[in-house]
Every structure is written in structure tokens, then in C-alpha cells.
Amino acid sequence: DESIRELVVYTLKSQGMDAKGFERPSLFWKELEKEVPALILLDIMLPEEDGISILRKLRTRPDTRKIPVIMLTAKGTEYDVVMGLDSGADDYIPKPFRMMELISRIKARLRRAEDKGAEEYHLENLYLCPGRHIVTVDQEPVNLTLKEYEMLVLLLKNSGMVLSRTQLLNQIWGYE
């Protein structure tokens, strides 16, 4: 719903969070190719594609598998909540919801994600946090393809070591 989406985005931005809202799943998927978010708020009843199928796709992709997802939806029966959580959601908030509670739940999920992603790499002006899928140079975000990102993580994790072509192919592309 446009009014709810705009209210949520406005509220998150007013709390100092970078937030984007998408009218249709196709717009979300396009943006996801450019930038991997720290957290996703997802409705179930959407045009083009339902939220549960989006959630399942997110959980199968290596670059989005561990991103916290909070379902924010009008479907609030026990069955719907269980379906959402069993499909991979980290939290489930039925509408109508209280905005301050939503902010607190988002902050809690982001804290847990940061704890899991405590591993960080600093190399001169390069910063990489694999747990949150963040890469910056001179504190500016860097957009990488999935393979570029995986290569950078592998090289930083093995800093000071020589990796053979075979090792790179095996670990990045899964060639045996």
C-alpha cells in the first residue's frame, strides 16, 4: 500500500536509517542487483509476485540468504505467521502495527545481524563487512557483482597468501 510504504520509509529516514520503498517486486529485484540492503521489510500481498515467494527466493540466493527479513503484512492469522516464519522470515508483524515497535524490532534485527557479521576488513581506504555485505572505498559505497564481491571477500580473508587459479575457481565458481 503506497501510503503505508511512504509512512514507513519516512519514519525510517527520520530515525537516521537509509530506506527505500518499492511499488512492485520487479523494481525491488532491479535495485537488489545494484545494492544489497542490511534488512528487508516485506509484505505478502503484492502485485506481480507474492511476498512468500520473494522470501523463498531471497533465502536461496547466496548474496541475500542471511539478510534479516521482517514480514509486515495484513495477513495476521496464526497460519500466516507460521507460514512466514517457516519460509525464512526473521520476524512477522501484522498490520495494523505500531511505528515505534517496528523501529525497535528493526534495530534489534540489525544489532543481531551486526553481531553475526562482526568480521570486518580494513585495507587503507577499503572497508568490507561480509556479514552485512558492505563494501566502501573512502567511505563511499561500492557496487560489485556477486562474483566480484565473493572474490574480494576471499582475497581479504586470505590476505598475504597466494591463491592458485584452481583455488579461485573452486571457491568462487564451485568448479571441481
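Q: How many residues does helix α1 have, and what distance does α1 reach from its first C-alpha to its last?
A: This is a predicted model. Helix α1 covers residues 2-14, which makes 13 residues. The expected span at 1.5 Å a residue is 18 Å, and the helix comes close to that. From first C-alpha to last, α1 reaches 18 Å.

Q: Within what arc do the buried residues of α1 fall, seen down its axis?
A: Val8, Val9, Thr11 and Leu12 are buried in α1. An α-helix has 3.6 residues a turn, so residues three or four places apart point the same way. The buried residues of α1 line one face of the helix, because they fall within an arc of 165°.

Q: Which exposed residues does the face of α1 turned away from its buried side carry?
A: Exposed means over 50% relative accessible area. On the face of α1 turned away from the buried side, the exposed residues are Ser3 and Tyr10.

Q: Which residue just after α1 takes a positive phi?
A: Helix α1 spans residues 2-14. Just after α1, a positive phi of about 85° is found at Gly16.

Q: Is Phe28 buried or exposed?
A: The cut-off for buried is under 20% relative accessible area. Phe28 has a relative accessible area of 12%, so Phe28 is buried.

Q: What kind of aromatic pair do Phe22 and Phe28 form?
A: The count of aromatic pairs comes to two. For Phe22 and Phe28, the centres are 6.0 Å apart and the planes make 70°. Planes over 60 degrees apart count as edge-to-face. The pair of Phe22 and Phe28 is therefore edge-to-face.

Q: Which are the edge strands of the open sheet of three strands?
A: The sheet has the order β1-β2-β3, with parallel pairing. An edge strand here pairs on one side only. The edge strands are β1 (40-42) and β3 (91-94).

Q: In β2, which residue is the bridge partner of Ile40?
A: β1 and strand β2 (residues 69-73) pair in the parallel sense. Their pairing runs over three bridges. The bridge partner of Ile40 in β2 is Val69.

Q: What angle does the direction of helix α3 make with that of β2?
A: Helix α3 takes up residues 51-60 and packs on the sheet. It touches β1 and β2. The direction of α3 makes an angle with that of β2 of about 175°.

Q: With which residues is Leu85 in contact, leaving aside its neighbours within four places in sequence?
A: Leu85 lies in helix α4 (residues 78-86). Its relative accessible area is 38%, so Leu85 is partly exposed. Beyond those neighbours, Leu85 is in contact with Asp90, Asp91 and Tyr92.

Q: What distance separates the C-alpha atoms of Leu85 and Met71?
A: Leu85 and Met71 are 14 residues apart along the chain. Their C-alpha atoms are separated by 8.6 Å.

Q: Which are the edge strands of the open sheet of four strands?
A: The order is β4-β5-β6-β7, with antiparallel pairing. Each edge strand pairs on one side only. The edge strands are β4 (121-123) and β7 (140-141).

Q: Which residue in β6 stands opposite Cys129?
A: Strand β5 (residues 126-129) and strand β6 (residues 134-137) pair in the antiparallel sense over four bridges. In β6, Leu126 has Val137 as its bridge partner. Opposite Cys129 stands Ile134.

Q: Which strands does helix α6 touch?
A: Helix α6 (residues 146-157) packs on the sheet of four strands. Its direction makes about 100° with that of β5. The strands touched by α6 are β4, β5 and β6.

Q: Which residue in the turn between β6 and β7 has a positive phi?
A: β6 and β7 pair in the antiparallel sense over two bridges. They form a hairpin with two residues between them. A positive phi of about 55° in the turn belongs to Asp138.

Terms used
Residues are numbered from 1 along each chain as its sequence is written. This is a predicted model: local features need pLDDT of at least 70, side-chain atom pairs count only at pLDDT 80 or more; totals for chains, interfaces and linings use all residues. Side-chain values use heavy atoms; hydrogens and water are left out. Two strands pair if DSSP finds at least two bridges between them. Contact means heavy atoms within 4.5 Å. Axes are lines fitted to C-alpha atoms, for helices over the stretch in contact, and angles run from 0 to 180 degrees between N-to-C directions. Rings of Phe, Tyr and Trp (its six-membered ring) pair if their centres lie within 6.5 Å; planes under 30 degrees apart count as stacked, over 60 as edge-to-face and the rest as tilted. Buried means under 20% relative accessible area, exposed over 50%, partly exposed in between (1.4 Å probe, protein chains only). The expected span of a helix is 1.5 Å times one less than its number of residues. The arc is that of the directions from the helix axis to the C-beta atoms.
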